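Subject: Structure handover

Hello,

Here is the structure for you to take over. My notes on it follow below.

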Amino acid sequence: DLSQTQVIGNIAELSKLKILQHLDLSQTLVVGDVLGLCNVTELEDLFLAQSRVHGNLNVISSMPELEKADLSGTVVSGNLKDLEWGCCKKLRELQLGDTQLQISAFPPVELPALQSLNVSGCNLN
């Protein structure tokens, strides 16, 4: 947990940590495309809120163990409907408020365990 620290760097540097399970870089100066995490397939918790990361939300499709994700206040974009069908079966909490995400239809994708979804400040079509 490096949240609320002055840590800096590029998120892509973490791509070799394939068995990493918990990552909290919220409110840090970390930058880069979240696609750099696509090989970190064991992630259960991903907290990048208010960091300087960007990229497409569908990167979480490559994280089958993901239970909680907070990307709020980042420059993450894409559309919930573009998540791969059947991905994220364990995802319980998804925080996407104040991102550049597009929400076009509900239910956006099959997320059977989802208990909390925050899309406040997103573009609802």
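The model is a predicted one. I start with the charged pairs: the count comes to 2 salt bridges.

One of them joins Glu-65 to Lys-90, with 2.5 Å between the closest N and O atoms. This pair links distant parts of the chain, as Glu-65 lies in the loop between β5 and β6 (68–70) and Lys-90 in the loop between β7 and β8 (93–95), 25 residues apart. Glu-65 has a relative accessible area of 24%, so it is partly exposed. Lys-90 is also partly exposed, at 39%.

In the other, the side chains of Arg-92 and Glu-67 meet at 3.2 Å, N to O. Here too distant parts of the chain are linked: Arg-92 sits in the loop between β7 and β8, Glu-67 in the loop between β5 and β6, and they are 25 residues apart. Arg-92 is partly exposed, with a relative accessible area of 30%. Glu-67 counts as partly exposed at 24%.

Next, the sheet. Its 6 strands are arranged in the order β1-β3-β5-β7-β9-β11, the sheet is open and the pairing is parallel. At the edges are β1 (8–10) and β11 (123–124), each of which pairs on one side only. Some details of the pairing:

- β3 and β5 (residues 52–56) run parallel and are joined by 3 bridges; the bridge partner of Asp-33 in β5 is His-54.
- β5 and β7 also pair in the parallel sense, over 3 bridges, and Gly-55 stands opposite Val-76 in β7.
- β7 (residues 75–79) and β9 (residues 100–103) are parallel and joined by 3 bridges; Ser-77 has Gln-100 as its bridge partner in β9.

On the interior: nonpolar side chains tend to be buried together in soluble globular proteins. In this model the largest nonpolar core has 32 residues, and those with the most contacts inside it are Leu-37, Leu-46, Leu-48, Leu-57, Ile-60 and Leu-80. Leaving aside neighbours within four places in sequence, Leu-57 is in contact with Leu-71, Val-76, Ser-77, Leu-80, Leu-83, Leu-96 and Leu-101.

Last, a cysteine. Cys-38 is placed in the loop between β3 (29–33) and β4 (45–47). Is Cys-38 buried or partly exposed? With a relative accessible area of 28%, Cys-38 is partly exposed, because buried would require a value under 20%. Not counting residues up to four places away in sequence, Cys-38 touches Val-59 and Ser-62. Cys-38 and Met-63 are 25 residues apart in sequence, and their C-alpha atoms are 7.3 Å apart in space.

Regards

Conventions
Residues numbered from 1 in each chain as written. Predicted model: local features only at pLDDT ≥ 70, side-chain atom pairs only at ≥ 80, totals over all residues. Heavy atoms only, no water. Core = buried A, V, L, I, M, F, W, Y, C linked by side-chain atoms within 4.5 Å. Buried < 20%, exposed > 50% of the residue type's maximum accessible area, 1.4 Å probe, protein only. Contact = heavy atoms within 4.5 Å. Pairing = 2+ DSSP bridges. Helix = DSSP H or I, 4+ residues; strand = E, 2+ residues; numbered from the N terminus. Salt bridge = Lys/Arg side-chain N within 4 Å of Asp/Glu carboxyl O.
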